[in-house]
Amino acid sequence: MKFVVALLLFTPGFSVAAAPTTPKDKADAFFSSVIKNDIADGFDRLFDGSSIPQDKPQAVTLLKTQTQTGLPLYGKILGYDFIKEEDYGSSIVRLVYVLKSEKAPTTWEFYFYRPKGSWFLANIIFNDQFSLLR
């Protein structure tokens, strides 16, 4: 069984939040919602402060749908593990996670970008392969 989703979502973002949120905070909030089987809310949290939902609504809808239908193939979600964070200069952060399920794990890779003051999601990749763990 192979499940692969990669979506380049890079579009300029903006922040409307009063306090800055770190990329790790955004990813953790996402996984908290996913564990509760609230995929749509998870992605809404992940995109909070970003213009991506307005700029690419069809891509976001497809991402939510594919995730909602794909994750149950792996059984009940048991939790998640933060694997690593890599900084690329002062403007890009890569976060890697493993979402643990009864049948198999999925690996998740998030890229956040900060052109000025606020971080926003620029790219997300997830699949059931372990290549993202490097």
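Guide: Let us begin with a term: a polar contact is a pair of N or O atoms within 3.5 Å, where, within protein, one atom must be able to donate a hydrogen and the other to accept it. Please keep in mind that this is a predicted model, in which the protein chain averages a pLDDT of 85 and 84% of the residues score at least 70.

Visitor: What makes the pair of side chains of Thr106 and Trp108 a polar contact?

Guide: The side chains of Thr106 and Trp108 come to 2.9 Å, and the limit is 3.5 Å, so the pair is counted as a polar contact.

Visitor: Why is Thr106 called buried?

Guide: Buried means under 20% relative accessible area, and Thr106, which has its place in strand β4, is at 0%, so Thr106 counts as buried. Leaving aside neighbours within four places in sequence, Thr106 is in contact with several residues, among them Leu71, Tyr74 and Val98.

Visitor: How do you know that Thr107 is buried?

Guide: Thr107 lies in strand β4, which covers residues 106-113, and its relative accessible area is 1%; the cut-off is under 20%, so Thr107 is buried. A polar atom of the side chain of Thr107 also lies 2.8 Å from the backbone oxygen of Gln129.

Visitor: Why does Glu109 count as buried, and with which side chain does the side chain of Glu109 make a polar contact?

Guide: Glu109, which lies in strand β4, has a relative accessibility of 6% and therefore counts as buried, given that the word applies under 20%. The side chain of Glu109 makes a polar contact with the side chain of Arg94 at 2.3 Å.

Visitor: Turning to the helices, why is α1 called roughly antiparallel to α2?

Guide: Helix α1 (residues 23-35) and helix α2 (residues 39-46) pack at an angle of about 170°, with their axes 7 Å apart. Angles over 145 degrees count as roughly antiparallel, and that makes α1 roughly antiparallel to α2. The residues of this contact divide into 7 nonpolar, 2 polar and 3 charged; including, on the side of α1, Phe30 and Val34, and on the side of α2, Ile39 and Phe43.

Visitor: What makes Ser33 a buried residue?

Guide: Ser33 is found in helix α1 and has 4% relative accessibility, so Ser33 counts as buried, the limit being under 20%. Not counting residues up to four places away in sequence, Ser33 touches Asp38, Asp41, Gly42 and Arg45, and the side chain of Ser33 makes a polar contact with the side chain of Asp41 at 2.7 Å. Ser33 and Arg45 are 12 residues apart in sequence and 8.5 Å apart in space, C-alpha to C-alpha.

Visitor: How many helices and strands does the protein chain have, and where does pLDDT stay under 50?

Guide: The protein chain has 4 helices and 5 strands, and from the N terminus on the elements run β-α-α-α-α-β-β-β-β. Buried residues make up 43% of the 134 residues in the protein chain. As for confidence, pLDDT stays under 50 over residues 8-20.

Technical notes: Residues numbered from 1 in each chain as written. Predicted model: local features only at pLDDT ≥ 70, side-chain atom pairs only at ≥ 80, totals over all residues. Heavy atoms only, no water. pLDDT = per-residue confidence, 0-100. Contact = heavy atoms within 4.5 Å. Helix = DSSP H or I, 4+ residues; strand = E, 2+ residues; numbered from the N terminus. Buried < 20%, exposed > 50% of the residue type's maximum accessible area, 1.4 Å probe, protein only. Axes fitted to C-alpha atoms, helices over the stretch in contact; angles between N-to-C directions. Parallel < 35°, antiparallel > 145°, perpendicular 65-115°, else oblique. Nonpolar A, V, L, I, M, F, W, Y, C, P; charged D, E, K, R; others polar.
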